[in-house]
Amino acid sequence: MVQEYQSPVRVYKHPFELIMAAYLRRFPKCPLIPVFVDSEIINESQSKDGSTLVTERRCVIDIEAPRLLKRIAGVDYLYFIQKNTLNRRDRTLHIEVQNETFSNRVIVRECCNYTVHPENEDWTCFEQTASLDIKSFFGFESTAEKIAMKQYASSIKKGKEIIEYYLRQLEEEGVTYIPPWTPPVVADRVPTRLQLHPPSTARPIPVRGANNGPDSKDPTGPTELLAGSPEDKLDADYIRRYLGDLTLMQESCLIRLRQWLQENHKGKIPKDQHVLRFLRARDFNLDKSRELLCQSLTWRKQHQVDFLLDTWERPQLLQDYYTGGWHHHDRDGRPLYVLRLGQMDTKGLVRALGEEVLLRQVLSLNEEGLRRCEENTRVFGRPISCWTCLVDLEGLNMRHLWRPGVKALLRIIEVAEANYPETLGRLLILRAPRVFPVLWTLVSPLIDENTRKKFLVYAGNDYQGPGGLVDYIDREIIPEFLGGDCMCDIPEGGLVPKSLYRTAEELESEENRLLTDSIYKSASIFKGAPYEMLIEITEASSVITWDFDVSKGDVIFNIYHSKKAPQAPKRDTLGAHGIPSLGPVNAQLIDKSWVLGQDYSMVEKALVCREGESVQGSHVTRWPGFFILQWRFHSSPACSASSLPRVDDVLASLQVSSHKCKIMYYTEVLSSSDFRGSMTSLESSHSGFSQLSAATTSSSQSQTSSVISR
């Protein structure tokens with residue numbers, strides 16, 4: 001397995017030339033790096049004007065490894081080749097390192113860059129990438145990998161300290177300024193290698209934290225760029241200021257996941273704090289974190305969660321009877337949410353409002369919590385990424401264990417766990433009654449183990465003693481109903497009048513509307529059972545538009561036209577074989593007896609769409625009639641060449657998991673005159689997840705335009 005590392009941008013608040021002078025003092029050997037035994041220059045060349053200097057060194061490294069492993073490997077030292085390219089004109093240093101020892105068994109690659117800060121020419125940026133691929137190592141591959149990663153992490157940590165050590169040494173020697181390189185005046189004079197100029201006091205070395213440059217308002221790190229721009233890079237000081245102390249590998253995972261989103265995700269790039277939460281939820285496993293995050297981003301788009309706080313209005317009944325609200329912050333600066341669950345009529349709220357409204361309420365609370373964390377990060381000057389929840393259970397009884405209410409609670413927990421991981425810093429459960437263990441048994445299996453560790457439960461008045469509430473919340477903000485002096489603006493709750501209850505039919509109808517109010521719909525495509533959608537066109541020159549994301553598998557997208565209406569779709573029974581379907585097979589609109597070119601025709605060239613792609617397009621209809629949009633499972637030619645009739649249907653039923661694709665789609669029919677002016681047309685790119693590129697391919701033959709966002 002290849003181990004990769006990507007560093008954040010580390011900023012030295014010193015000019016490039018001074019950094020280079022400090023860097024050169026590391027050679028031929030550096031006493032501050034004990035494992036760096038020695039180095040020698042094996043090749044050196046310089047351009048005619050002296051602007052570019054290329055230096056190759058052989059470096060000797062003494063790896064801290066068990067003596068037995070060294071004896072088995074037959075070496076005491078490791079040799080690496082380092083190639084440095086110094087461009088004095090552009091003020092850059094590019095470093096490439098690769099291993100010479102065991103190069104047929106282990107591949108080590110490292111690339112470092114020193115560049116001038118883009119917003120302050122008196123500062124220098126440093127970036128570093130590396131990879132380690134151990135193919136074979138005498139049966140000790142895992143041990144060698146751990147030793148190498150530990151050694152490398154230690155070296156990275158010391159790198160900045162060493163540069164700053166030599167900068168102080170230069171300052172003690174009186175070297176405070178080295179002018180930038182300029183082309184030689186005399187044509188026949190060839191400049192020598194980098195030389196330290198005589199001491200000068202013309203310009204002092206910028207002091208860390210001085211009020212100059214782009215971060216004069218915040219000396220802890222440079223200004224963050226807008227998320228999603230290709231030039232956006234994380235600064236190490238920014239990470240410490242806004243995200244917290246991360247290990248080197250955690251920083252690397254964050255940067256790599258962020259880069260992957262910028263390169264592959266076509267919608268809004270989530271904020272760094274949000275990306276970091278998903279990494280923490282999966283213990284910084286990059287693949288698992290990426291999968292969880294992508295699923296959440298798709299969910300946010302489908303339900304338009306980004307606009308929830310601005311568009312959703314809480315029903316008055318919810319404002320009167322939902323006994324929860326935000327209340328100051330805890331001792332760590334985390335936003336504090338207080339919920340008097342024991343005073344809440346959960347059955348009444350579910351019967352009067354429905355499960356979906358309560359779910360939206362919790363989602364809005366989570367979105368508000370994210371905003372409050374950002375605000376408190378700015379106010380307290382330290383990273384705050386989660387909140388504290390105080391739950392008062394006084395009054396909790398068997399009424400709260402009403403099955404539909406528990407069902408609603410379980411669903412809410414499931415949604416919150418999947419889309420708001422690592423947002424709960426601490427959960428304080430106060431005045432837990434005897435019935436609480438029953439409720440805990442029901443909900444605890446759905447709660448992540450890391451989250452369960454954050455629960456603190458107090459029975460009776462135990463919260464008032466040592467180790468109780470005052471350890472986590474300042475005494476002056478403890479609510480009055482818990483014995484404090486602070487007024488807490490939370491509804492007192494009470495029983496919801498039964499006159500406000502709604503019938504089961506009303507709740508079902510309401511929930512169906514709420515569950516499907518997204519403009520996007522989901523569909524599954526099985527091998528041998530495509531997903532088909534019928535659109536009836538009564539006026540020629542109408543415009544059919546589509547926008548879909550392929551979330552799993554590869555599909556083939558087709559559009560067909562027929563003058564006759566397809567029969568009402570029926571569940572397939574595997575055709576002439578008479579075998580009933582054993583699994584969820586899509587209803588088919590195109591009759592098996594239809595002949596392509598006679599009963600129906602293809603109006604668009606088949607389009608292969610890969611997993612992760614977002615596809616948008618439009619078709620200007622020539623004739624009225626019935627148009628069928630079809631998404632078909634795409635398999636390799638070897639798999640699709642089967643002469644057995646309807647065998648794919650059997651596979652679709654018996655092997656759903658391995659022969660299944662998923663899409664999320666949106667379609668709309670517009671009149672030709674309204675197409676370009678429609679806010680939901682492709683011209684306006686009204687999609688929170690997909691973006692149209694500037695170039696749109698057109699076909700005069702089919703009068704269509706389509707775009708694939710890759």
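Modeller: This is a predicted model. Take I590, placed in the loop that connects β17 (555–562) with β18 (601–602).

Colleague: Is I590 buried or exposed?

Modeller: The general idea is a cut-off: a residue counts as buried under 20% relative accessible area. I590 has a relative accessible area of 15%, so it is buried.

Colleague: Which residues is I590 in contact with, leaving aside its neighbours within four places in sequence?

Modeller: Its contacts of that kind are E532, Y560, Y600, I628 and Q630. As for C-alpha distances, 8.5 Å separates I590 from Q567, although the two are 23 residues apart along the chain.

Colleague: What is found in the loop between β20 (614–620) and β21?

Modeller: T621 lies there. With a relative accessible area of 1%, T621 is buried. Apart from neighbours within four places in sequence, T621 is in contact with I537, E539, A540, S541, S542, I544 and F627.

Colleague: Now a helix. What span should α5 (residues 248–264) have?

Modeller: The check compares an expected length with the distance between the end C-alpha atoms. At 1.5 Å a residue, the 17 residues of α5 should span 24 Å, and the end C-alpha atoms are 24 Å apart, so the two agree. The buried residues of α5 are L248, E251, S252, C253, L254, I255, L257, R258 and L261.

Colleague: Why is α10 described as largely enclosed by the rest of the structure?

Modeller: For a helix, count the buried residues. Six of the eight residues of α10 are buried, so the rest of the structure largely encloses this helix. The buried ones are T346, G348, L349, V350, A352 and L353. Just after α10 comes G354, with a positive phi of about 95 degrees.

Colleague: What is the volume of the largest pocket, and which residues lie closest to its centre?

Modeller: The volume is about 1300 Å³. Of the 47 lining residues, L339, V362, L409, I412 and I413 are the closest to the centre. To read a lining, ask which elements supply it and what kinds of residue it holds. Elements that each supply at least two residues include β10 (335–339), α10 (346–353), α11 (355–380) and β11 (387–392). α12 gives the most, with nine residues. By type, the lining has 36 nonpolar, six polar and five charged residues.

Colleague: And how many helices and strands does the protein have?

Modeller: There are 17 helices and 24 strands. Of the 710 residues, 46% are buried. Among contacts with a separation of 6 or more, 75% are between residues 24 or more positions apart.

Terms used. Residues numbered from 1 in each chain as written. Predicted model: local features only at pLDDT ≥ 70, side-chain atom pairs only at ≥ 80, totals over all residues. Heavy atoms only, no water. Helix = DSSP H or I, 4+ residues; strand = E, 2+ residues; numbered from the N terminus. Buried < 20%, exposed > 50% of the residue type's maximum accessible area, 1.4 Å probe, protein only. Contact = heavy atoms within 4.5 Å. Expected span 1.5 Å × (residues − 1). 1 Å grid on protein atoms, 1.4 Å probe; cavity = no way out; pocket = protein on both sides within 12 Å on 5 of 7 lines; lining within 4 Å. Points joined across faces, edges and corners; volume = space filled by probe spheres on them. Nonpolar A, V, L, I, M, F, W, Y, C, P; charged D, E, K, R; others polar.
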